[in-house]
Amino acid sequence: MSAEKMKGSKILLESLKKEGVTDIFGYPGGKVLHIYDDIYQSDIKHYLVRHEQAAAHAADGYARSTGRVGVCLATSGPGATNLVTGIATANMDSIPMVALTGQVSTADIGTDSFQEADIVGITMPVTKHNFLVKDVKDLAMTIKKAFHIARTGRPGPVLVDLPVDVTVNKAVFNYPDSVDMPSYKPTTKGSDRQIQNAIKMIREAKKPVVLAGGGVIGSNASDELREFIALTKMPVSSTLLGLGAYPYNDYFSLQMPGMHGTAFANYAIQEADLLISIGMRFDDRITGKLDTFAPNAKVIHIDIDPAEIGKCIASILPIVGDAKEVLKEMNAYLKKEPMEAKEPWLKTIEKLKLDYPLFYKKDTNVISPQYVLEVINELTKGEAFYTTEVGTHQMWAAQYLDHKLPRHFVSSGGLGTMGFGFPAAMGVQVANPGATVINIAGDGSFQMNIQELSTVSYYNIPVKNIILNNQWLGMVRQWQELFFQERYSATDLEGMQPDFVKVAEAYDVLGLRATKPEEVKDVLSRALKHNGPVVVDIRVAREENVFPMVPAGGAIDKMIGERGIN
Amino acid sequence: MRHVLSVVVENKPGVLARIASLFSRRGFNIDSLAVGATEKPEFSRITLVVTGEDLVIEQITKQLYKLIDTYKVTDLTAVKHIEREMLLVKVSINPNTRSEAIEIVDIFRGKIIDVAEKNMTVEITGDYDKNEGFLSLLKKFGIIEIVRTGTVAIQRGTGN
Ligand SMILES: Cc1ncc(C[n+]2csc(CCOP(=O)(O)OP(=O)(O)O)c2C)c(N)n1
C-alpha cells in the first residue's frame, strides 16, 4: 500500500504547522499562487501587508517579542528582493526568522525568466543560511532544517527559495522529527573549567562591569541575569538590544553604554578592571575607538558564537555557550559560595549616577521629545511593548523608556533600519494580541512604511504610532550641526510633510495631534485607550539633540553634551 | 604569515559561492584556492592559502566554521604537512638560451611538455618555495604565461 502523495504547496503548509507556525506575513504573486491557494484553505493565519519589506519586519517583531520563529512569504523577483532589507535587519540582530520566496520553475532558473531573481545569491551574505529547493521530495526536510538553523545556536534568518514546480509537484508527506547535519552542531554548554575561572576572576575583581547584550534576550536568560546580578552585586549595563534584560532603573543598572549611552555607564566601563560581556559583540557604537575602550579591563566574553570571540576585542577568558546555560551554571557556583559586594566600587557608581544623570532642558512652550517618553512611562508603567524606528527618537526611547521586561523593546540595532518600527509593531501585536504596542517613530522613518496603515486598519491591529515629529531627518541633522558646520543638506523636511492626521484618517485610522506640552498626556491617554490603531503626530522641539554623544571613532569617555559640558 | 587551511565542506551546490562571499564580505584575501572531491562523496575539500596575522587567521577559521556547510577546518601550517602545486609555465627561449633553460628545468625536475620555435612549456610540481624558486630562475628568459592549480596539502602520517 503506497502512501498518498501531497502537493508541494500543501506539504509546505503542513510543515509550517508542524513547526508550530500560526501566523505568517506575506504578499502574493505569480510564483506563489499555489502556496496562496493552500493558505486560503489552511488555518494558519496570513496577514497581507502592503509591501514585502513590512512582511519581513513584522515577522522579525513577532520573533523578537516571543522568541518564536517569525515567518514571511513573498513571490519571486521583486517580491523576494523587497524582503532583503528586512532579512538583513534580522540577520544583524540575530533574530530567528524563516523567509519563504517563490521562484521561477527549476527548468527556467538561469534563463532570466520573467520575475526571476537569484535571491539565494542575493541573500547569502545577509542570512544565517539559505536553501533553494529543487525537488519536492526535499521540501519537508528543508523546512525542518530551516527552522532548526533559524532558532538554534546564534539565531538568524533562513531563506527558503521555492520554485513554482516544487509547489505543484507531489510527494509523500513525512515530516522528519530530527535533522542530521554533521556540519552544524552549535555549542551551548560552556566549559566548566572556564566558568570556574570566570567566577574566580569576578571574585578577585575590584571594579567589574557586566555588559548584557541581545544574546541575553535571545536565549531567554533575563531571569538568570537578574539572579546573577543579585548574587554578585555587580553593576550591569545593557546594550540597545539588551534593554529589558535587567530592570533599567534598578540600583545596579548602568543603563545603556556607548555612543548615546549614559555618561555613567561609559565612565564606569573606562574605569572597570573586569568586563563580563554576555551575548554582546562589542559593536563600534558601544566601544568607540577600540584601542581606547576599557583600557584597564580584562574581558570575560560569553557568547554562543565562537567567531565573536576575539573579533573586535581580545578576551582573557572566552566562554562559548548559550547565555542562559552559562549563567545558570555560574549562579549555581555562586550560591554555593556567596560573594561579597564590592562596596567601594558600588559607591563610585552611585556617585557617577548622581553626577551624570541623563538630562534635558524642560520647556513649557515646546514639547520635548524626552518628555513624551516620560509620559509614556507614566501611562504604561513600562509594561507595554515598544518598537522604534531609527533616529534621534530611537535613542531617546532607549534612554528614557523604563525598560522593565525582556522582549518588550524592539529596535533595529545592527542595521539601523528606518521603516522597521511600524511593521515590527504589527508583528509584535499579532503575537501578543491583548498587549499595548507602541511604535516610537520619527517623521522621516514613519514614511518609509507608512502604507502599512492599510494593513493595521484592515485587520484592526491596534498599534499606537507615536511620531516625535521634528520635521527633520533629525539624527542626520544632528551630525550636520555638530560635524558639518550646520550645512543641512537634504535633511530639512519642513513644508514637505504630509498631514499625518489626515493620512491616518484616509486609511480609516485614528489620527491625533499634540502641539503643546500640556496636551501630551491627554492625547496619549486617548491613543492608548482607543480600541484600534492610532497615529499620534507630536510636534516636538525641532532642533533637540541626543546627548550624551560620543563622536564616531572617539573614546567613550570623551562625550559631548553631558551635564555640565553642554 | 602564510597559512594553508584545509576545509572540509558538504558537497552541495553553492558552497564555493558561500566561501567566496564570506571572504569578500569580511575583506579577507585568498592567495589560492583548490577544490576537489574527497574520499567521502558527501564532502568536498577546499584548500585555501591565506596570508595574515594570527588573529586574522583565527577569524577566518571561525567564520568558515560558522558557515552551515562547513564540517571541519584544519590549519595545516600548525602541523607537519606536505604541500604541492602544479604549474604550467611558458617561457621564451632562443638558440642561445635554450640549453641553460633546459638545465634549470632538469634541476627542478620539471617536465618539458611542449616546445615551439620561440618558447617552451614546462610542467612542474612542488611546494611553494620550490615553485617560487623555479619561477625566479626562469624570469630572465622571459615568462610568457603561468597557469597554477593552487596549493593542495595533506597532513603527514596518519593525521587525526
Ligand atoms: C533606510 C535608512 N535610510 C537612511 C538611514 C540614515 N538615517 C539614520 S537616522 C536618519 C534620520 C531619521 O529621521 P526621523 O525618522 O525623522 O527621526 P529623527 O532622527 O528625526 O528622530 C537617517 C536618514 C537609515 N538609518 N535607514
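In what order do the six strands of the open sheet in chain A run, and is the pairing parallel or antiparallel? I looked that up first. The order is 16-15-17-18-20-19, and the pairing is parallel. Strand 16 (409-410) and strand 19 (510-514) of chain A sit at the edges with a single partner strand each, so one side of each has no neighbour in the sheet.

A note on what I'm reading: this is a predicted model, where local features need pLDDT of at least 70 and side-chain atom pairs pLDDT 80 or more, while totals for chains, interfaces and linings use all residues. Residues count from 1 along each chain as written, chains are lettered from A and ligands numbered from 1 in written order, and side-chain values use heavy atoms, without hydrogens and water.

My terms: helices (H or I, at least four residues) and strands (E, at least two) are DSSP runs numbered from the N terminus, and two strands pair if DSSP finds at least two bridges between them.

Next I checked strand 17 (437-442) of chain A, which pairs with strand 18 of chain A over five bridges in the parallel sense. Asn439(A) stands opposite Asn465(A) in strand 18 of chain A.

Most residues other than glycine have a negative phi, and most peptide bonds are trans. Gln471(A) has a positive phi near 55° and is buried (under 20% relative accessible area, 1.4 Å probe, protein chains only), at 14%. Ala490(A) has a phi near 60°, but Ala490(A) is exposed (over 50%), at 70%. Finally, I found a cis peptide bond from Phe547(A) to Pro548(A), with omega near 0°.
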